[in-house]
Amino acid sequence: MAQITLDNLAHSYLPNPKGEEDYALKQLDHVWGDGEAYALLGASGCGKSTLLNIISGLLVPSRGRILFGDRDVTHQDTVERNIAQVFQFPVVYDTMTVGDNLAFPLRNRGMDAAYVAARVQKIAAMIGMEEVLNRKARGLTADAKQKISLGRGMVREDVNAILFDEPLTVIDPHMKWELRTQLKALHNEFGHTMIYVTHDQTEALTFADKVVVMHDGRVVQLGTPEELFDTPEHTFVGYFIGSPGMNLIEAEVAGNLARCAGHAVRLGGTYKALQGRVQIGVRPEFVQLVSGEEGLPVTIKRVEDVGRHQIVRAEFQGRAINAVQLEGTPIPADANRMIFAPERINVYADDWRVAPLQSVATPQREAV
Amino acid sequence: MDKVQNNKAWFLVLPVLVLVAFSAVIPLMTVVNYSVQDTFGNNVFFWEGLGWFQEVLTSERVHAALGRQLAFSGIILAIQIPLGIAIAICMPKRGFWASVCLVLMALPLLIPWNVVGTIWQILGRTDIGLVGYALDKVGISWNYARNPVHAWVTVVIMDVWHWTSLVALLAYAGLQSIPQAYYQAAKIDQASRWKVFRYIELPKMQGVLLIAILLRFMDSFMIYTEPFVVTGGGPGSATSFLSIDLVKMALGQFDLGPAAAFSIMYFLVILLVSWVFYTVMTNLDKAEGR
Amino acid sequence: MAVTSDTYTPATRSISFPKVQTRHVVMVLYLLFMLVPIYWLVKMSFQTNREILGGFTLWPQNPTLDNYRVILTDSSWYMGYVNSITYVVMNTVLSLAVALPAAYAFSRYRFLGDKHLFFWLLTNRMAPPAVFALPFFQLYSSVGLFDTHIAVALAHTLFNVPLAVWILEGFMRGVPKEIDETAYIDGYSFPRFFVKIFMPLIASGIGVAAFFCFMFSWVELLLSRTLTAVNAQPIASIMTRTVSASGLDWGVLCAAGVLTIIPGALVIYFVRNYIAKGFALGRV
């Protein structure tokens with residue numbers, strides 16, 4: 001096991017990349033701590049699979065290096081890196097039995113037969129396939145096959161890291177939950193470094209200690225689920241995490257006051273003068289619906305009841321704006337204004353978050 | 001796919017039935033008719049019963065031809081299937097060179113069979129042929145018209161040249177259908193090249209390889225034109241395979257009765273083997289849930 | 001370090017070198033094996049008969065087009081090409097026309113005796129032409145079709161129709177049934193749906209089937225020679241007869257051979273991107 005360092009990394013699928021837009025993966029410096037569970041989150045095509053393949057050694061980056069511990073592995077192949085990987089679609093050796101499938105990586109490394117047998121039993125118990133160990137893998141359901149793939153990824157104890165490339169895509173929803181919990185338990189037990197690629201925020205937030213959000217070939221934020229929620233570093237993170245995502249409103253910011261289309265909004269900190277496209281962002285969870293003279297005037301379109309809370313869909317200056325109200329919190333019948341919790345407002349210039357010069361209060365996350 | 005029961009579908013099959021009835025059933029009836037009759041010429045026929053079948057079944061000439069035929073089909077399958085797989089694995093996977101290889105490899109498949117024969121007939125000659133000349137120079141006096149071994153080697157190499165590409169292209173199609181993730185997973189599992197072949201490539205090629213074996217078996221069992229052009233079935237009858245022998249009998253000697261009986265049994269042998277293949281193949285399709 | 005690593009590309013990884021080399025060597029050797037015999041044919045076609053028999057050379061010493069001139073100016077020669085192409089095209093059209101509806105029936109419906117019928121069709125692909133040569137001769141003579149293009153075209157449907165049905169059925173199975181149902185709901189009649197919607201969807205399958213029909217009809221000699229005398233005689237047959245009668249002019253023989261390769265080569269070139277899938281008969 002080792003910490004993984006990405007040093008000045010970039011990759012393009014073109015042989016002679018010209019400008020920045022030719023790069024599938026833009027300049028990246030990053031350290032993956034030893035024994036931590038990371039989720040790599042982003043929409044499809046954002047470069048997360050490219051990054052994963054570079055780490056696993058299936059792809060050599062056009063630029064930069066990768067270190068496992070102090071060892072430069074940039075030009076080493078997958079085998080030398082000693083990692084395991086689980087793919088999006090089940091990869092199963094059809095003609096082998098389930099047991100042989102699980103034993104395959106161990107046998108190829110010349111492990112002792114007794115050890116292999118014990119290890120296969122243990123993994124089979126974990127993925128719940130002890131019953132079918134002697135069955136041929138051909139003809140099993142996609143679920144079962146993917147469980148075998150997961151098992152094969154975890155069967156080796158000495159790996160530097162285990163990489164998961166959207167492994168639960170083909171799994172039934174109820175199984176997803178179960179497998180993810182098992183993965184998490186496994187991580188706690190063995191402490192492997194795990195990197196889990198997904199486009200599903202729930203998966204990412206429940207699995208990982210730290211989430212790496214990628215957008216357009218770039219890492220836009222690395223942080224704990226709380227940090228992603230409270231202080232998204234990029235408007236994409238605000239929009240992508242949370243349901244519904246963060247409200248973003250064009251604004252002019254001066255000191256601790258923002259003006260949105262002429263309406264004043266108080267901020268939680270003071271800001272220096274900002275250049276470029278300035279927006280303020282606030283999560284729907286911190287929006288309150290009121291009636292009166294204070295706040296931004298909105299038109300309420302509809303209210304969706306999704307169980308524990310209600311989502312209020314509204315419009316401000318022709319653009320969508322949402323609020324989340326706890327079940328039971330009454331919405332005033334004549335509500336036509338929204339007010340924001342000042343300490344929950346983030347300010348963005350050209351999509352990147354601007355830290356306040358001094359903040360008025362430390363944000364405390366409230367349960368929603 | 002779950003199909004709908006609908007007997008009106010017969011109307012869609014009707015044109016095929018009419019056509020095939022005309023081009024297959026009627027001629028086949030003629031054959032059956034001949035096979036149970038004898039003639040002294042002048043279109044006078046009389047009932048012969050199963051006599052011709054008896055004669056053919058016990059004929060040493062037919063046994064010998066069948067033996068040669070089985071040997072030939074066995075040899076060319078044993079060479080072409082492994083060689084074809086090897087070539088498919090060595091082919092470039094995509095891009096310009098893949099197209100070049102495909103086009104060049106497919107070329108022998110579209111050459112009329114007698115031209116194939118002519119090409120190898122010329123190549124093997126010691127005066128004007130590249131191969132015969134070269135062998136002559138290194139001290140092997142090559143003569144496929146006189147030496148049965150030389151004749152066999154020539155005919156086998158010709159068939160390998162002619163048809164290996166078919167096997168290779170089929171195997172290549174099978175290989176192309178394997179998702180990249182399998183190779184990546186195998187790499188991570190540290191599987192050797194042999195294991196990748198044994199556990200990934202071979203199982204995925206199984207279906208197309210069965211098609212390849214079936215086609216190659218059928219076509220090699222019916223081979224006529226190519227060896228006929230090269231050796232005329234000789235020297236003696238060393239390369240007289242079933243079809244050559246049959247045509248000799250039917251058109252050359254006009255022994256219609258025995259030739260017809262021979263035809264029917266010949267057809268039945270091919271049918272039997274093909275039926276076995278077909279059954280195996282459909283079961284395989286089912287196993288994969290298609 | 002970062003500067004030097006700029007120059008690395010996957011292709012320069014030293015470990016992959018030995019494997020790549022073996023593959024290339026095997027491939028080059030195989031392609032040579034494929035091409036040398038063809039080269040030899042082409043080489044001889046550019047030589048006069050005297051030069052061919054005069055001495056062994058690796059390439060033509062005095063390249064000449066005389067052999068091709070002989071063929072292309074003599075109608076008894078070049079009509080052979082016209083005849084061949086005529087019956088090959090007739091056969092291809094005929095085979096596809098009857099195979100398309102049948103393949104649709106097999107791919108979409110269960111009906112009385114469907115499995116047996118399908119296998120029986122396939123058995124015709126397995127019928128040795130030698131078995132059918134004589135009965136065909138008698139059949140077509142008796143109905144007055146002997147020595148016509150249609151006779152050969154019909155005879156070749158014996159093995160091409162089953163093959164076309166088989167290939168097309170494979171491709172049609174890949175088209176979801178919902179497409180048919182949607183079209184019927186939208187008010188398409190069966191023929192209109194089949195031509196307007198279904199056939200474009202399996203265009204590559206039709207192309208592949210046509211390619212195979214063309215191929216097997218073009219290369220066949222035994223039946224086409226048996227069923228023709230003068231008017232519909234295929235080029236392959238003219239090659240064997242004329243040459244043996246005029247005392248073996250190797251140069252002309254080779255030139256005729258080269259000319260028979262050209263249509264095939266053209267067809268391959270046009271379908272090169274479908275060949276791999278086509279050879280798997282749509283079942284990959």
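Residues are numbered from 1 along each chain as its sequence is written, while chains are lettered from A and ligands numbered from 1 in the order in which they are written. Because the model is predicted, local features need a pLDDT of at least 70 and side-chain atom pairs count only at pLDDT 80 or more, whereas totals for chains, interfaces and linings use all residues.

Chain B averages a pLDDT of 83, and 91% of its residues score at least 70. Within chain B, helix α3 (residues 60-90) has the highest confidence, at 91, and strand β3 (residues 45-47) the lowest, at a mean of 63. Where pLDDT is low, the predicted coordinates should not be read in detail.

Helices and strands here are DSSP runs numbered from the N terminus (helices are H or I, at least four residues; strands are E, at least two). Two strands are said to pair if DSSP finds at least two bridges between them. In chain A, four strands form an open antiparallel sheet in the order β2-β1-β4-β5. Strands β2 (25-32) and β5 (71-72) of chain A stand at its edges with a single partner strand each, so one side of each has no neighbour in the sheet. Strand β4 (residues 63-68) of chain A pairs with β5(A) over two bridges in the antiparallel sense, and Leu67(A) stands opposite Asp72(A) in β5(A). Helix α1 (residues 48-56) of chain A lies across β1 (4-11), β2 and β4 of chain A, running at about 125° to β1(A). For such angles, axes are lines fitted to C-alpha atoms (for helices over the stretch in contact), and values run from 0 to 180 degrees between N-to-C directions.

Another open sheet of chain A has three strands in the order β17-β18-β19, again with antiparallel pairing. Its edges are β17 (299-305) and β19 (319-326) of chain A; each has a single partner strand, so one side of each is left without a neighbour in the sheet. Neighbouring strands of this sheet are turned by 20° against each other on average, direction ignored. Six antiparallel bridges link β17(A) to strand β18 (residues 309-316) of chain A, where Ile300(A) stands opposite Ala314(A). Elsewhere in chain A, strands β12 (residues 252-260) and β13 (residues 263-271) pair in the antiparallel sense over five bridges. Two residues lie between the strands of this hairpin, in which Ala261(A) takes a positive phi near 45°.

The chains also meet one another, with two residues in contact if their C-beta atoms, placed from the backbone, lie within 7 Å.

Chain C itself has 14 helices and one strand. Buried residues make up 45% of its 284 residues; a residue is buried if 20 or more other C-beta atoms lie within 10 Å of its own, again with C-beta atoms placed from the backbone. One example is Leu259(C), in helix α13 (residues 250-271) of chain C, which is buried because 21 other C-beta atoms lie within 10 Å. Not counting residues up to four places away in sequence, Leu259(C) touches Ile71(C) and Tyr81(C).

Finally, a nonpolar core is a set of buried Ala, Val, Leu, Ile, Met, Phe, Trp, Tyr and Cys residues joined through C-beta atoms within 7 Å. The largest has 156 residues, and those touching the most other members include Val16(B) and Ala102(C). Helix α7 (residues 149-173) of chain C gives the most to this core, with 16 residues. Leaving aside neighbours within four places in sequence, Ala102(C) is in contact with Leu12(B), Val13(B), Val16(B) and Val165(C).

How values were computed. A residue is buried if 20 or more other C-beta atoms lie within 10 Å of its own, exposed if 12 or fewer, and partly exposed in between; C-beta atoms are placed from the backbone. pLDDT is the predictor's confidence in each residue, from 0 to 100.
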